[in-house]
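Subject: Structure for you to look at

Hello,

Here is the structure I promised to pass on. Please open it first, then read my notes beside it.

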Amino acid sequence: MSEDVTHTGVDAAESAAAAITAAGFPRMPARVMMALIAAPSEGYTASELGDRLGVSAAAVSGAVRYLQTLHVIRKVSRPDQRLARYEIIPDTWYVMMSNNSPVYNRLAAYIDEIGAAHAEDHAARLRAEEMAEFFRFMSLRMPQLVDEWETLRAERRLQD
């Protein structure tokens with residue numbers, strides 16, 4: 001890619017990044033991730049990400065390091081290109097979500113302890129019980145949801 005890179009989907013990518021930031025994901029990694037979702041097929045270099053986002057090289061560096069740690073993006077070096085590029089790793093999101101089942105179970109156990117510590121406070125105990133129940137539900141359903149997603153995706157691919 002050259003200096004005259006046209007970035008498409010910028011507004012939607014920034015809105016998506018803001019939404020996942022509001023849900024607790026760090027802001028700059030969210031912006032980088034959404035920029036890479038909207039990137040051309042060959043991905044972006046760090047410089048192109050900085051240009052696309054209007055941020056410093058240091059901001060891009062920290063964000064890509066964070067996303068690589070989560071295994072959401074990867075750095076791709078090609079012999080015919082001087083600079084490495086970054087791209088989204090396929091299937092990352094649902095794998096990451098399904099791997100959270102043990103976390104949901106641990107959260108449920110901790111929240112059960114909170115509820116038990118508030119045996120005399122009916123409202124606090126009920127809030128804790130309901131939240132723990134929700135996390136156990138998520139732990140149980142997440143693998144099933146991933147299986148359903150894989151089936152749906154395979155069916156769509158057959159139709160294309």
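Start at phenylalanine 134. Its relative accessible area is 44%, so it is partly exposed. Remember as you read that this is a predicted model. The cut-off for buried is under 20%.

**Aromatic pairs**

How many aromatic pairs does the structure hold? There are three. One of them joins phenylalanine 25 and tyrosine 66. Their ring centres are 5.9 Å apart, and the planes stand at 80° to each other. That makes the pair edge-to-face. Phenylalanine 25 sits in the loop between α1 (10-22) and α2 (27-37), while tyrosine 66 belongs to helix α4 (residues 57-69). The two parts are 41 residues apart in sequence, so the pair ties them together. Tyrosine 66 is partly exposed, at 34%.

Phenylalanine 134 and phenylalanine 135 make another edge-to-face pair. Here the centres are 5.7 Å apart and the planes are at 65°. Both residues also belong to one aromatic cluster, together with Tyr104.

**Helices α6 and α7**

Now look at helix α6 (residues 101-117) and helix α7 (residues 122-159). They pack at an angle of about 165°. Their axes are 8 Å apart. An angle over 145° counts as roughly antiparallel, and α6 and α7 are therefore roughly antiparallel to each other. The crossing of α6 past α7 is left-handed.

Which residues meet there? On the α6 side, they include Tyr104, Leu107, Ala108 and Ile111. On the α7 side, they include Ala128, Met131, Phe135 and Met142. Find Tyr104 and Phe135 again: they are in the aromatic cluster, and they are also among the residues where the two helices meet.

**Helices α1 and α2**

Move to α1 and α2. Their axes come within 8 Å and cross at roughly 145°. This crossing is right-handed. From α1, the residues that meet α2 are Ala13, Glu14, Ala16, Ala17, Ile20 and Thr21. From α2, they are Arg27, Ala30, Arg31, Met33 and Met34.

Why is α2 described as largely enclosed by the rest of the structure? Nine of its eleven residues are buried, so the rest of the structure largely encloses it. The buried ones run through Met28, Pro29, Ala30, Arg31, Val32, Met33, Met34, Ala35 and Leu36. They pack against α1, α3 (46-53), α4, β1, β2 and α5 (92-98).

Arginine 31 deserves a stop. This residue lies in helix α2. At 10% relative accessibility, arginine 31 counts as buried. Setting aside residues up to four places away in sequence, arginine 31 touches Glu14, Ala17, Leu53 and Val55. Glu14 and Ala17 are among the α1 residues that meet α2.

**Glutamate 87**

Next, find glutamate 87 in strand β2 (residues 85-88). Buried or exposed? Glutamate 87 is buried, with a relative accessible area of 16%. Its side chain makes a polar contact of 2.8 Å with the side chain of arginine 74. Beyond its neighbours within four places in sequence, glutamate 87 is in contact with Leu36, Val72, Ile73, Arg74, Val76 and Arg78. You have met Leu36 already, as one of the buried residues of α2.

**Two more places to check**

Histidine 71 is in the loop between α4 and β1 (73-76). Most residues other than glycine have a negative phi. Histidine 71 has a positive one, near 65°. Its relative accessible area is 57%, so histidine 71 is exposed.

At 65% relative accessibility, alanine 57 counts as exposed.

Best wishes

Technical notes:
Residues numbered from 1 in each chain as written. Predicted model: local features only at pLDDT ≥ 70, side-chain atom pairs only at ≥ 80, totals over all residues. Heavy atoms only, no water. Helix = DSSP H or I, 4+ residues; strand = E, 2+ residues; numbered from the N terminus. Buried < 20%, exposed > 50% of the residue type's maximum accessible area, 1.4 Å probe, protein only. Polar contact = N/O pair within 3.5 Å; in protein donor to acceptor, adjacent residues only side chain to side chain. Contact = heavy atoms within 4.5 Å. Phe/Tyr/Trp six-rings, centres within 6.5 Å; stacked < 30°, edge-to-face > 60°. Axes fitted to C-alpha atoms, helices over the stretch in contact; angles between N-to-C directions. Parallel < 35°, antiparallel > 145°, perpendicular 65-115°, else oblique. Left-handed = near helix turned anticlockwise from the far one by under 90°.
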